[in-house]
Amino acid sequence: MAPRIGYLPLLSSKLKPFFSGALPPGVDTIWFDYKGLPLKWYIPTGVLFDLLCAEPERPWNLTVHYRGYPGNVLIPWDGEDSVKWSYINSLKEAAYIIHGSSKNVMNMSHPDQVDLWGSVMDGKLETYNHISSKLKLGVVSDEFSEKIKPSPSKAHHSLNDTEANAALKTSRIPVRLYLRTFNEDFDDLEEAPFIDNWDQLSYINRPVEINEQAGKYFTLLDAVKSVLPEFYPDSLNTIKSEVKNEQSVEPEEEGVETRRLPGQPVIKLLRIQGIEPKMEIPFSWVVNNLMNPDYFLYICLYIKAPKLVGT
């Protein structure tokens with residue numbers, strides 16, 4: 001019932017008829033919690049799932065509420081329009097990051113705006129591709145994907161061919177990273193303590209500049225380092241120069257990168273769109289295939305690292 005690229009409150013029209021007979025008189029304000037943690041309605045459903053379920057739980061057992069809205073935790077929600085404008089504002093922000101201007105989004109015609117939002121709500125990829133291509137937000141040059149023969153299911157690609165061929169290429173990528181840090185190690189994801197407070201998470205909204213050198217592509221690990229200079233203080237120098245000691249990074253089979261040097265960060269889990277890609281994968285491929293409809297790439301990261309001074 002809940003598309004990964006959608007938003008939980010949009011399920012209200014399907015849920016309300018089921019619960020209406022049990023609701024007391026009053027004003028309905030829908031909200032959800034997972035194991036007592038109120039879920040932020042403006043975060044895409046798939047991102048919430050990836051972030052809160054280190055070990056995927058299927059079906060995902062949530063509690064739906066119609067009373068007692070936790071205004072001290074969640075920002076106000078006034079129906080579908082709240083979600084719509086949250087999405088549009090994200091789109092504007094992404095456009096500004098990519099091109100330095102959001103005028104293409106702001107100048108959308110009303111019919112296109114309605115159709116774009118409808119395609120996000122209903123998961124209609126063809127309509128979304130048609131409307132979003134008019135925004136000319138661009139895609140990243142991706143030689144890795146170009147070497148792969150196109151599959152018959154090319155129509156299901158996250159960005160359509162028209163946009164890929166016509167749009168201006170960009171190297172500045174909108175990224176939203178949700179981070180959880182641990183001081184103690186654990187071997188199994190099931191052993192990770194449950195998140196019962198949003199203060200246990202860090203939210204980082206920081207663009208990634210793709211810097212590629214001849215003979216060396218910019219990887220997902222490079223992107224993570226550029227977003228987290230607090231954990232990788234040498235990241236800027238590392239990205240712009242040849243890595244002298246590649247043995248300090250050993251990607252494991254499950255795509256979880258382990259730092260072998262004492263005191264260095266250890267990535268325990270990195271998940272994007274429900275998958276756990278290997279850290280050496282080209283970042284351009286990740287962007288072109290796994291970005292959300294608001295043109296942001298959402299990354300959920302569990303990392304073991306020494307506690308930073310001042311945090």
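This is a walk through the fold, from the whole chain down to single residues. The model is a predicted one, in which local features need pLDDT of at least 70 and side-chain atom pairs count only at pLDDT 80 or more, while totals for chains, interfaces and linings use all residues. Residues are numbered from 1 along each chain as its sequence is written, and side-chain values use heavy atoms, with hydrogens and water left out.

Let's begin with the overall picture. The protein chain holds eleven helices and eleven strands; both are DSSP runs numbered from the N terminus, helices being H or I with at least four residues and strands being E with at least two. Of the 311 residues, 47% are buried, where buried means under 20% relative accessible area, exposed means over 50%, and partly exposed lies in between (1.4 Å probe, protein chains only). The accessible surface comes to about 16,400 Å², and carbon and sulfur atoms own 52% of that; such areas come from the Shrake-Rupley method with a 1.4 Å probe, and for residues only the protein chains shown count as cover. A contact here means heavy atoms within 4.5 Å. Among contacts with a separation of 6 or more, 74% are between residues 24 or more positions apart.

Next, the interior. In soluble globular proteins, nonpolar side chains tend to be buried together. In this model the largest nonpolar core has 85 residues, a nonpolar core being a set of buried Ala, Val, Leu, Ile, Met, Phe, Trp, Tyr and Cys residues joined through side-chain atoms within 4.5 Å. The residues with the most contacts inside this core are Tyr87, Leu228, Ile267, Leu270, Phe283, Leu297 and Leu301. Helix H3 gives the most to the core, with eight residues. For a close-up, take leucine 228: leaving aside neighbours within four places in sequence, it is in contact with Leu177, Leu179, Ile204, Arg206 and Leu301.

Helix H3 also takes part in a helix pair. H3 (residues 80-99) packs with helix H5 (residues 110-122) at an angle of about 105°, their axes 11 Å apart. Axes are lines fitted to C-alpha atoms, for helices over the stretch in contact, and angles run from 0 to 180 degrees between N-to-C directions. The angle makes H3 roughly perpendicular to H5, since angles of 65 to 115 degrees count as roughly perpendicular, those under 35 as roughly parallel, those over 145 as roughly antiparallel and the rest as oblique. H3 brings Glu80, Val83, Lys84, Trp85, Tyr87, Ile88 and Leu91 to the contact, and H5 brings Gln113, Leu116, Trp117, Val120 and Met121. By type, the residues of this contact are nine nonpolar, one polar and two charged; Ala, Val, Leu, Ile, Met, Phe, Trp, Tyr, Cys and Pro count as nonpolar, Asp, Glu, Lys and Arg as charged, and the others, Gly among them, as polar.

Now look at helix H11 (residues 283-290). Six of its eight residues are buried, so H11 is largely enclosed by the rest of the structure. Those six are Phe283, Ser284, Val286, Val287, Asn288 and Leu290. Their cover includes strands E4 (172-173), E5 (175-182), E7 (208-209) and E11 (297-304), along with helix H9 (220-227). Serine 284 has a relative accessible area of 4%, and its C-alpha is 8.2 Å from that of isoleucine 210, 74 residues away in sequence. Valine 286 has a relative accessible area of 0%. Not counting residues up to four places away, valine 286 touches Ile272, Ile281, Met291 and Leu297, and its C-alpha is separated by 7.6 Å from that of leucine 220, 66 residues apart along the chain.

A cis peptide bond joins arginine 58 and proline 59, with omega about -5°, and proline 59 lies in the loop between helix H2 (45-52) and strand E3 (63-65). Lysine 136, although not a glycine, has a positive phi of about 50°; this residue is partly exposed at 47% relative accessibility. Tyrosine 295 likewise is not a glycine and has a positive phi of about 70°, but tyrosine 295 is buried at 1% relative accessibility, in the loop between H11 and E11.
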